[in-house]
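Hi,

Here is the structure I promised to pass on. Have a look around it first, and then read my notes below.

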Amino acid sequence: MTGELERLARRFQGREPGLLGASRSYAVLCPLVEREDGLLLLFEVRAPQLRQGGEVCFPGGKMEPGESPTDCALRETEEELSIPREEVRLLGMPDFICNQRGFLLRPVLGLVSPAGFAALRPSPAEVAEAFTAPLSFFRETKPDLRRYVLAPQVPEDFPYGPVGIPRDYPWSGGQVEVPIWYYQGRAVWGMTARLVREIIR
């Protein structure tokens with residue numbers, strides 16, 4: 001085996017593939033709380049001073065180098081809501097989201113113990129409030145579905161000739177579906193709502 005071939009083999013052997021070109025990955029915990037009358041989802045509202053302040057989301061954040069989605073989701077949940085990681089029973093990993101801005105969002109589904117829920121203390125620096133909503137509400141209520149178009153904007157100086165394609169080349173566009181649920185005056189929407197839809201599917 002040549003040196004170049006050995007280097008390629010070392011690089012890719014046993015490697016877990018990611019999203020090509022992704023600059024960052026995030027992980028969130030989708031926390032469930034069990035009650036006698038059924039399961040609840042635990043949400044938080046982002047603190048007003050943060051980017052996208054006031055939006056409903058799950059606890060989570062950017063994955064650190066070498067960190068697994070599970071470790072990141074549990075770490076962020078402890079930082080944001082003071083729920084100890086040992087009080088979360090991991091249930092699995094739903095499908096992830098590949099965002100059009102070039103990052104991955106990795107959800108982790110977990111059940112928060114009664115002791116973990118009792119320890120809940122939102123961090124004012126990151127969380128305005130936390131609330132629960134019955135899983136049955138999302139199952140029984142159809143979301144308000146909206147869509148927006150992703151349209152390619154090709155620069156005027158694109159080298160059509162050297163690439164060998166005409167100026168009227170049919171560039172691919174797309175669209176993003178945005179589900180929205182309204183619950184007690186709050187909007188659960190966007191990527192958070194897409195994860196909810198994946199959980200109840």
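**What lines the pockets**

By class, the lining of the second largest pocket splits into 5 nonpolar, 4 polar and 5 charged residues. Before I go on, keep in mind that this is a predicted model.

That second largest pocket has a volume of about 240 Å³. Its lining is made of 14 residues, and those nearest its centre are Arg24, Ser25, Met63, Glu67 and Arg106. Strand 1 and strand 7 are the elements that give two or more residues to this lining.

Now for the largest pocket, which has a volume of about 880 Å³. It is lined by 32 residues, with Arg46, Gln52, Arg101, Phe103 and Met191 closest to its centre. By class, the lining of the largest pocket has 14 nonpolar, 7 polar and 11 charged residues. Several elements supply at least two residues each, among them strand 1 (24-35), strand 2 (38-46), strand 7 (103-112) and strand 10 (174-183). Which element gives the largest share of that lining? Helix 6 does, with 5 residues.

Let's go back to Arg106 and Glu67, which are both listed among the residues nearest the centre of the second largest pocket.

Arg106 is in strand 7. Is Arg106 buried or exposed? With a relative accessible area of 18%, it counts as buried, because the cut-off is under 20%. Click on Arg106 and look at what it touches: leaving out residues up to four places away in sequence, the list is Glu16, Tyr26, Ala27, Val28, Met63, Pro69, Met93 and Phe96.

Glu67 sits in the loop between strand 4 and helix 2. Glu67 is buried too, at 15% relative accessible area. Apart from neighbours within four places in sequence, Glu67 is in contact with Lys62, Cys72 and Arg75. If you want a sense of distance, the C-alpha atoms of Glu67 and Pro124 are 25 Å apart, and the two residues are separated by 57 residues along the chain.

**Salt bridges**

Side chains of opposite charge can pair when their charged atoms come close. How many salt bridges are there here? The count comes to 11.

Arg75 is buried, at 14% relative accessible area, while Glu64 is partly exposed, at 44%.

Arg75 also meets Glu67 in a salt bridge, at 2.8 Å from N to O. In that pair, both residues are buried.

Another pair to find is Asp71 and Arg85, whose side chains meet in a salt bridge at 3.9 Å, N to O. Asp71 is in helix 2 and Arg85 in the loop between helix 2 and strand 5 (88-92), so the pair connects parts that are 14 residues apart in sequence. Asp71 is partly exposed, with a relative accessibility of 37%, and Arg85 is partly exposed at 33%.

**A buried charge without a partner**

Glu80 is also in helix 2, which covers residues 69-81. It is buried but has no salt bridge.

Most residues other than glycine have a negative phi. Ser82 is not a glycine, yet it has a positive phi of about 65 degrees. You will find Ser82 in the loop between helix 2 and strand 5, and it is partly exposed, at 33% relative accessibility.

Gln184, not a glycine either, has a positive phi of about 50 degrees. Gln184 is in the loop between strand 10 and strand 11 (186-189). At 62% relative accessibility, Gln184 counts as exposed.

Happy exploring!

Notes. Residues are numbered from 1 along each chain as its sequence is written. This is a predicted model: local features need pLDDT of at least 70, side-chain atom pairs count only at pLDDT 80 or more; totals for chains, interfaces and linings use all residues. Side-chain values use heavy atoms; hydrogens and water are left out. On a 1 Å grid over the protein atoms alone, a cavity is a set of points where a 1.4 Å probe fits but cannot get out, and a pocket is an open set with protein on both sides within 12 Å along at least five of seven lines; lining residues have an atom within 4 Å of a point. Grid points are joined across faces, edges and corners, and a volume is the space filled by probe spheres set on the points. Helices (H or I, at least four residues) and strands (E, at least two) are DSSP runs, numbered from the N terminus. Ala, Val, Leu, Ile, Met, Phe, Trp, Tyr, Cys and Pro count as nonpolar, Asp, Glu, Lys and Arg as charged, and the others, Gly among them, as polar. Buried means under 20% relative accessible area, exposed over 50%, partly exposed in between (1.4 Å probe, protein chains only). Lys and Arg count as positive and Asp and Glu as negative; His and the chain ends are not counted. A salt bridge is a side-chain nitrogen of Lys or Arg within 4 Å of a carboxyl oxygen of Asp or Glu. Contact means heavy atoms within 4.5 Å.
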